[in-house]
Amino acid sequence: MGRQKEVLSVMGQRLRIRNKLIRQALAECLGTLVLVLFGCGSVAQIVLSRGSHGAFLTVNLAFGFAVTLGILIAGQISGSRQSDRCRLSRPHNVDTPACVGKAVFSSPSYAQADTLNPKCFTGGHLNPAVTFAMCFMAREPWIKLPVYALAQTLGAFLGAGIVFGLYYDGYIG
């Protein structure tokens with residue numbers, strides 16, 4: 001059992017993508033693929049079954065689930081948290097409304113009492129328009145815009161291709 005762990009550890013180190021931007025772009029690609037796969041898959045199911053397998057609510061629930069899952073997948077990797085600098089902390093000795101939720105430079109020992117500031121977590125765009133907005137508002141560097149847009153477009157095409165492949169007989173017949 002110990003030998004297997006060593007082999008897996010070595011493989012993990014060798015196959016790891018070290019460039020952070022490439023990892024983030026691949027996460028955006030996978031998140032967009034999941035969004036299109038579940039969302040457009042639900043639409044294809046309803047259209048090709050002529051309404052017998054699903055309804056309007058099915059599409060809404062599927063797209064809601066798809067967006068949630070896509071953000072959970074892509075946000076874990078492509079989020080640009082700045083560790084402790086972006087944490088909100090409650091002061092330990094003051095509970096006045098003016099002090100609660102102020103951004104502080106907390107040390108890692110306070111990490112369990114802190115919550116993440118949503119302004120500092122910017123992952124899981126899934127859409128080039130969202131990426132553009134984040135760059136425009138200076139929450140992401142502009143270098144990410146073409147890389148993310150390309151990855152998101154590729155993920156959307158791959159997701160649509162998978163849906164087409166799954167429902168090929170329905171499209172042709």
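Beyond its neighbours within four places in sequence, Thr131 is in contact with His125, Lys144, Leu145, Tyr148 and Gln152. This residue lies in helix H4 of a predicted model. Thr131 has a relative accessible area of 1% and is therefore buried, the cut-off for burial being under 20%.

Helix H4 spans residues 128-136, and its buried residues are Thr131, Met134 and Cys135. These three residues cover an arc of only 100 degrees around the axis and therefore fall on the same side of H4. The buried residues of H4 pack against helix H5, which comprises residues 144-166. Among the contacts of Thr131 listed above, Lys144, Leu145, Tyr148 and Gln152 fall within the range 144-166 assigned to H5.

At the start of the helix, a side-chain oxygen of Asn127 comes to within 3.0 Å of the backbone nitrogen of Ala129. Just after H4, a positive phi of about 65 degrees is adopted by Ala138.

In the protein as a whole, six helices and two strands are present. Their order along the sequence follows the pattern α-α-α-β-β-α-α-α. Of the 173 residues in the protein, 30% are buried. Contacts with a separation of 6 or more were also examined; 65% of them are accounted for by residues 24 or more positions apart.

The mean pLDDT of the protein is 77, and a value of 70 or more is reached by 73% of its residues. Among the elements of the protein, H5 has the highest mean pLDDT, at 94, whereas strand S1, formed by residues 87-88, has the lowest, at 44. Over residues 82-116, pLDDT stays under 50. For this segment, the model has 37 contacts beyond four places in sequence.

Methods: Residues are numbered from 1 along each chain as its sequence is written. This is a predicted model: local features need pLDDT of at least 70, side-chain atom pairs count only at pLDDT 80 or more; totals for chains, interfaces and linings use all residues. Side-chain values use heavy atoms; hydrogens and water are left out. Buried means under 20% relative accessible area, exposed over 50%, partly exposed in between (1.4 Å probe, protein chains only). Helices (H or I, at least four residues) and strands (E, at least two) are DSSP runs, numbered from the N terminus. The arc is that of the directions from the helix axis to the C-beta atoms. Contact means heavy atoms within 4.5 Å. A polar contact is a pair of N or O atoms within 3.5 Å; within protein, one must be able to donate a hydrogen and the other to accept it, and residues adjacent in sequence count only if both atoms are side-chain atoms. pLDDT is the predictor's confidence in each residue, from 0 to 100.
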